[in-house]
Amino acid sequence: MATLFEGFTLCGLVQTQSASDSAIQGIELDGDSDHAVVTDSTRAVTLYKVSDQKPLGSWTVKQGQLLTCPAVFNFQTNEYVVVSDNKVIRVWKEEDLHLDKAFKATVSADVWRVHSAPGGEPVVLFQRGAVRLLDSLLSAPQQPIEDILSEEEKEVIRWSTNIVAEKQHFVLFTTEQKGEHFLYVQRLNPNTLQKYRLEREDSRAPPLSFSASLRDKHINLLYLYPNGCVYQSVVAVQGPVGLEGVQALPRSLRLRLPVGEGELGAASAVALDEAHVAVVGMPHPSARTGKDFLCIWNTNFQTLQADKEMVGRICGQVWCYLGKLFVPHGKALSVIPYECQKSSLASALGKLRHPGIAVSKSSVAIPSWNTLLHGDQPQGPTKIVDSRKSKLRRKSQSAPALTVDQVLELIKTGPVEEVRREVEALVSRGDAQDLQLSVGRLACQLVARSQVETAFYAPGALARLVKTQCLCHSMCPDLLLLALEHKDYFLCQLCLQLFPDIPEVVTCACLKTFIGVPDDDVEMVSLEPDSVSFMEGLVAAGARGGQQNGFSPALFEEDSCDPHHQPKPPQHQDKKNPTLQLEVCPVGLRKAVLLNEVLQTPYSDNLLVPHLKDLNAPQVILFLQYLQFIYLKYSQDVYTQTPVLRSPTMTQIIDWVCLLLDAHFTVLVMAPDAKGLLSNLQSFVKSQVKLFSELGKIEGSLQELHKMKPSKDISQYSIEVIELF
Amino acid sequence: MGEFKVHRVRFFDYMPTAIRAMAFNAHTERLALARMDGSVEIFNFTDHYFQEKVIPGKDSRSTESLCWVGGRLFSAGLNGEITEYDLENLRPKYSLEAYGGPIWTIISNTQGTQLAIGCEDGTVKLFEVLEEHIQFERNLDRQKGRIISLSWHPSGTHIAAGMMDMIRVFDVPTGHAVQRLLVDRGFGGSKSQETVVWSVAFLSDHTVVSGDSAGKVQVWDGHTGTLVKTHLVTKWDVLALSVSKDESSVVAGTSEGTVIQFQFIAPTLHQQQDKEWVRTRTFKNHTHDVRALAEIETAIVSGGMDTHLVVRPLLEKFDENTEMAEITLAGFDSVLLFFPQRNLVSCAKKAGLLLFQFPGQLELWRLGDSDGHDGRNTVNIVDSFQTKGSDHICCSALSSCGGWLAYSTVSCVRIYRLQTDNNNISITKVSKLPKALRSAHQLCFSSDSSKMFAASSQSSVLVIALTQSECKYVHTLKPKSGQQPIHLMTTSVDGKWLAAANSDCEIRVYNLQKLKLHCIVPVYGSCPSAMGIHPTTNNMTVVHADQQLFEYSIVEKQYTDWSRKLQKQGLHNVWLDRDTPVTHVTFNPKNPNQVVLHDMHMFCIIDQSLPLPDQKTQFYNQMTLRSLSEQERPSHLHAFKICKTFQDLLCVSLLDDQSLVVVERPLLAITSQLPAPVRQKKFAT
């Protein structure tokens, strides 16, 4: 996504007489990234501090003289260079107050532009196509200048720029001759000149704007036609040397802009990065009128990413420096900061990004101060202590932190404790963007080793990785099963809590394991304290045995609500003391905690039911008993519970009861142990049905109340009887 | 207590007419109100907004403006006449052609010596107020365009006149226009329309406030003629302005039905000197044009197209000594006066006939018979009388046997003989009436229909004997003193007593056998709003505008024990807090303990045999009683049995067959007949 931020006005503009001319010749960078050198169309050069919107200095030539080329900054000598009256080159420093007193040199031919770029010497491009380095020109100003472009054939320069690529320095300029457009690429040291012919657009219209950028050792030339087409041509930096004659320049259509009615008049396109183009002076695709929008387009997806309406006349100029767009419009020069983020399908579907492909070996762990000082993941007190510890340790050892690759190597061979330590250190200082990838790789590596080496199992390191919340099941599918295998119930709980994408088969496997595990095995396991205290509260609440708000759970009601269907005395005997039955949780506390986690795991019914069939009858009955227990608890005092972040909801419980019954109905009907349970469950259903029918009745009577008012008769005459008391 | 059969009647298409003008007399605290049909009503603001007097309208009369001069009331209208009203005889005293075309407004100076009117022909005419008459004095400089509104400077030297597109300020002694204030037109499409300055107010500091058809309230400097401030308050018209007595507040009424208050206050606490007119509050009590406004000491009174009069109390102006309880009771609720506080319905108790009085006609209906098959009985309109002439009916009466019908306008009285045979009613006008019977404020028949009583001028009552063949003048019962018109009259069933109450709160009881005054009921400070004489005991029940209830024994010439007990214990607060007066008192012939009363929102049967409610008792207890068992009920009973099943009541009467007649006029039906408002309230706007 790209964003255009709120802009600000750098300076006001003087309106020029002719509508097509801009008030600004050019904007160039200074040695300071916050400076901008603005050359106006007549006589003045002004240096602005952009963030303060404040002029720092201004220089003007005498009346009668004219600046013919935008001032540039010589990054090597920290001087400004400008050309006045085509032939006079002036050089001055920021301290100089008057341009007249500055250094002047008159050259023998008309200058088109002076170009300068950081890392390169300024070059002078003459109107007839010759190129000289500024230094060498100034040492002999009156040296003869050859003609590259023939005067007779009226080939004139339309646009030029220079590009410094590593050691190479290029001057690019386009020319127009009889409706044909050419691109000249002048390479300096050694000097070579290559001429390309631009493919002709159908409308024969000249390109409105050019923009060149260097990318991957190629010069990308982007140009915009009035019909809204944006083409890109690529010229290799290490181009074929010595090709004679005019080459045809291949082009590719990057973008077709909606131009609305007519053609674009004064418009300009500039490439922001490989995927984004800023276009000024075009109509907004959804706003009908006016061609005065600044838009950022994504050329990969052909989508409009950001737009901003520019008030006033736009003269088709836009400069782009260091994340800011400079757009003269109306009576002002606006500076609009922008930001382009990489947009890719992969980033949209982040989870699917596979660590193996996306990450190159060269990824370097850059320690972040933020993480070091404050800790980045809000993981609770333990984590802060950890990071503090590791910090201390790092200090004492003063050993450089290991990179991900190093840790990965370590995992392959290192002992459990060291692996844990290093993983913790890595994760706690990990940079948030990279974390997801490295965590995935680390987890996979750990799991892989554990699978190979049965003796190796690093619960601490894995738990730490899961807790980063950067991991999901699909990233490391074997992790949860491994944890089950090693009876690492704490890790299982963490995974169930934090993984959003556990397949139903794995959920069922967990369920089966949890139900099957003997209570004694689990009781000593340390689990997440929140969920444990919730369960403790739930069990304890039952002990009080009170009824809330006049509600009596289904079992109490059973006799009264349906006496005819309860004829069997033994069953009656059974329920002599239903409260007693309620008190006992059918499973142990920790087991219950684990089961709760299963209850809260997301699932889809169709996929879950087949796997539920894997459970055997005693397991199903036990689980149902537990569900019944928790249901009754909830019915009793769900509102008195202390609010816990994670606790199974009533709906989840009932859904699971339904699922289990669906999956095992025939088995349960046949099983003698399940009889009482089933009848209890039936009474649940009954009580629910009764509740809903009562609610329905209430709804009905409330609606009647509604109807009562307007039902008054409005006849003109009636005989009624009233009763007074 | 038992069941009642109720004839619920909703076919009385009574339609009040829109309020056009208003004038408040701060001295007497009377509000005069003019309606579109030319009628004028006088409300007594010291006595619970009781509608004291009604002067019936006339077809040709259209009142545009009202004006008090001392205790005298003047009106002017588009018929070009100035009218002074005779408030004692409830009729126009005289009308005077002003010869200036339709008159838009009439004002008086503070001294009460001069009247000024604004005419269609562009003149402001001054009249001198004389003892018994007014006399044309002179014209001020004639202007082009009509004079819509006028306001006299308190000093009497200047008059501001609202016209089309401008306001003129006149110097009264010279008669010259000294200032010309141009009023901007509205925006957009209304630019081509002239702006009508509907209302102006001239304050003592020479500030002129104007309200115009472009929706602006503007404040001008009257000395320099410059605009000081413009408040754009509505998209439609600002129709009325009213200034408070201390000139610290101005209210403006708009076509949207809002009343907007402006106050002359300092914008900040620190700069108490630099006061300006600031828009402060908006009241929305009307759905239609607010045509008439009066800002009085404690309230804003407004009325307009939607026909009801609203008294909106201003909380902060309450006296600080007033108890908080009173403020909360009266502080926020606007008093809405919908119906005339007198009888428009006469009921023939024996014959089951109803007579409805409209301004220009009468309707006679017969109630259906409950013996009918499906209980949905037909009611046939018997006749509707178009009155002759253009005067509106001021009162009407139907004898209880249904044999006689009488009505009166300000100029004549008509009596008709009704004869029923087989569902057909034939009507014959009684041709020869006694000369003394010229007009009546109230009419009433004796219960045996042998006599008719007509309240005439100066609280006198004419007694007319009715026989099959003729009407004969018998006597005039004339009090020694008393000027005010009689607004209530009632006779006893045995034909021995006649009681008449006038606006001075005097109730006189006459002995009809001796044809002389029997006694005067002790004068109570509030006007009686309804009274009735008990058929068996001859005790008279009187209800006053302040909701107090008395029972007076005519024979013993003293209040009865029950009445004393009631006064001693005091009426229940809920009863006293009602805001509409009781307009009817009848009795149950079968049960002498029961008195039937009603106001607009409820009817009440008082059972004198039951204990009186004290303040702690639940007053509206019918629902509670209904839910109690037979055994528990007696301990919860009290004397006031109130039924709110029927709303917007015009009449509740008990027929001789014990069935109740309830005449309702739902306000919704009235509202639905009004023209569409300019702006409808939409949710969240």
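These points describe parts of chains A and B in a predicted model.

1. Residues are numbered from 1 along each chain as written, and chains are lettered from A and ligands numbered from 1 in the order written. Local features need pLDDT of at least 70, side-chain atom pairs count only at pLDDT 80 or more, totals for chains, interfaces and linings use all residues, and side-chain values use heavy atoms, without hydrogens and water.

2. Chain B has six helices and 55 strands (DSSP runs numbered from the N terminus: helices are H or I, at least four residues; strands are E, at least two). Of its 685 residues, 59% count as buried (buried is under 20% relative accessible area, exposed over 50%, partly exposed in between, with a 1.4 Å probe and protein chains only).

3. In chain A, helix α19 (residues 605-612) has Leu608(A), Val609(A) and Leu612(A) as its buried residues. They cover an arc of only 105 degrees around the axis, so they lie on the same side of α19(A) (the arc is that of the directions from the helix axis to the C-beta atoms). An α-helix has 3.6 residues a turn, so residues three or four places apart point the same way.

4. The buried residues of α19(A) pack against α12 (504-516) and α21 (650-670) of chain A (contact means heavy atoms within 4.5 Å). The buried residues of α12(A) include Val506(A), Leu511(A) and Phe514(A).

5. Met708(A) belongs to helix α22 (residues 674-708) of chain A. Met708(A) is exposed, at a relative accessible area of 54%.
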